[in-house]
Amino acid sequence: MRQGYYLTILLTLLLLPLLGDVGVLHAQAVLVGQVCCFDGTEKRKPLAGVEVQALGAGSTVTDRNGYFRLNFRVLKQGDRIRFRRIYKAGYSVLNQEAVDAMVIPAEGDYLLTIVMSNDKQQEKARRMYYVAASKHFKSQEARQERELKVQFKNGSLTSSEYYKKLQEVKSDYESRLDRAEEFVARFARVDVSTLSEEERRIVRLISKGKYHEAIELYNNQNLIGKICEQAWHIEQERQTYQSLHHEISVHQVERDSMFSVLSRQEELLRLVGGKDNYAKAISLLRSAAYADTTYAQALYRYGKLCYSQLYYKDALQAFDMLCRHAGRDSTMLYEALVRKGACLRMLYRSEEAERVLQEAVALADCGFGKPKLEGLAMYHLGHIARMDLDYERSIKYFERSRDCYQQVLEQDSLSASSYLDLVRSTIFIGYVQSFMDRFTEALQAHRDAISIMRRIYMRKPRHYSAMMAYSYQHLGADYVRMGGDHYTDAMRNLFLADTLYQAAMAHNPDAYLRYLADLYCDMAEACMNSARYTEAVNYYKRSNQEYGRFLMIRPDDQRAITRIRYNNDSIVKVNEMLHLERKELDPSER
């Protein structure tokens, strides 16, 4: 007995290292996928020679049948895959959103498929959709012009009203074409071979510019009902997760497929434009997001659209739920935290925003960050530090934000949105320097911002005139803070900003009211510095008019309310100064 006991201990000690290795091998996740090429027909072909690289799994190349195999050392079933590179010269990924959402599947689940397309084929598709969009909007412009002409002839419009509305119609046509480019780029990457026959009909209508007919067909599909049905199945089967995981995956795939169709419907609604269509787009995403509040993709997309339309409370609610349901997906948690922090900052909840953003920064330091989102986090932290009057820390955050966006542009030099983000960070580096009386550094930063803007402004002057105006406004404000001796330099830049804002507001009349109000306040301050009191009063009043129009859109904006009070107090003080001046000049007033 005693010998058997010792023999058992000896064998256990000898086998422990081997058992440990077996455990490691068992924990390793293996992903088998396929890369296919879509050439515009209904069939996809395997694509050989594609380099596939993922975080934690190294790199591999697809074989002649397009298959690849990645061995993940750390990831487990259900973890999101972070592809670092999918590359073959002359090709680009079509289903990028699906690739970004890919997770390690359960053994025996569906094969992960990456779809690529020849760049020439994509350019051909992009051109087809763009021509269709141009024709559609041109026909709308012609119809609106005919209606205006009829109203002018029957006396419903005066000559000035007629020409003003005619210019608005032309500006609206140009701005719609600008918006169409992003839409066109997305639809050019749609893999038609994966679509149902019904959506193929819709895509054919879109390719011909028949948008209203396409929207009607989308409405008839009852996509929200189908997504809710799949969400119900997922919730029922989630309770028996261990035994029915495969069935859950099937329903998740079906739900994801329905949501892809819904996303294309939402994009089409936004392209056609108008308040009603934007409201419908938000409603669609809200219904999809709340059908299953654990569905990260729907919550994220809904939150981003709400944020872009300034519905910060709704966006915050979506990103807050996303944070709670991100689970082990640290990358998704990071993105949700950054967006949540941005919403909190825009709602003036600075302490909460800083805490959330610092949590995101900690995840980024662990390797889960993305340069663009890290830049956004640093940008908002810079504003929070600025509001706390911690200017040195604020500058450091804005500089880190600028460096992140420069890193993004090194990878994609054509990203216009990253240029705009870079400009904003650079502007606020100068803005804070100005408050510290470092005017040389402030002027240089704002000149740098203008120089960066010129790189993209000439491509689409109408599209970027507002940001160019914002850059000149801050340069002018530097001269205002430098005192009355710089009145000419200040007003020259502020007048230029005013001209650019007016050009931007011809396309979108309500979008830049707050910035215009701030601009007139800067002009008033410049006049005050040089003792031009009557002009200062006029500019304070113009500033209040624009703030008043802005509050009609956002009645709870505390900053605008505070600035109106400041302007009114300034007007009272200036009137007192003018009264004293009149007393000194007119003896009868003494």
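Me: Two strands pair if DSSP finds at least two bridges between them. In β4, which residue is the bridge partner of Ala 54?

Reply: The bridge partner of Ala 54 in β4 is Gly 58, where strands are DSSP runs of E with at least two residues and helices are runs of H or I with at least four, numbered from the N terminus. This is a predicted model, in which local features need pLDDT of at least 70 and side-chain atom pairs count only at pLDDT 80 or more, while totals for chains, interfaces and linings use all residues. Residues are numbered from 1 along each chain as its sequence is written, and side-chain values use heavy atoms, with hydrogens and water left out.

Me: OK, and how many bridges hold β3 against β4?

Reply: Strand β3, residues 51-54, pairs with β4 over 4 bridges in the antiparallel sense. Both belong to an open antiparallel sheet of 3 strands, ordered β4-β3-β6, and its edge strands, β4 (58-61) and β6 (83-87), each pair on one side only.

Me: Is α14 mostly enclosed or open?

Reply: Helix α14 is largely enclosed by the rest of the structure, because 14 of its 17 residues are buried, meaning under 20% relative accessible area, with exposed being over 50% and partly exposed in between, for a 1.4 Å probe and protein chains only.

Me: What span should α14 have?

Reply: At 1.5 Å a residue, the 17 residues of α14 (371-387) should span 24 Å, which agrees with the 24 Å between its end C-alpha atoms; the expected span is 1.5 Å times one less than the number of residues.

Me: How do α3 and α5 cross?

Reply: The axes of α3 (residues 119-153) and α5 (residues 197-207) come within 8 Å and cross at roughly 65 degrees. That makes α3 roughly perpendicular to α5, a label for angles of 65 to 115 degrees, whereas under 35 is roughly parallel, over 145 roughly antiparallel and the rest oblique. These axes are lines fitted to C-alpha atoms over the stretch in contact, and angles run from 0 to 180 degrees between N-to-C directions.

Me: Which residues of α3 make the contact?

Reply: Met 128, Tyr 129 and Ala 132 do so from α3, with Val 203, Ile 206 and Ser 207 from α5, where contact means heavy atoms within 4.5 Å.

Me: Where does Gln 121 lie?

Reply: Gln 121 lies in helix α3 and counts as partly exposed at 27% relative accessibility. Gln 121 and Asp 39 are 82 residues apart in sequence, with their C-alpha atoms 6.7 Å apart in space.
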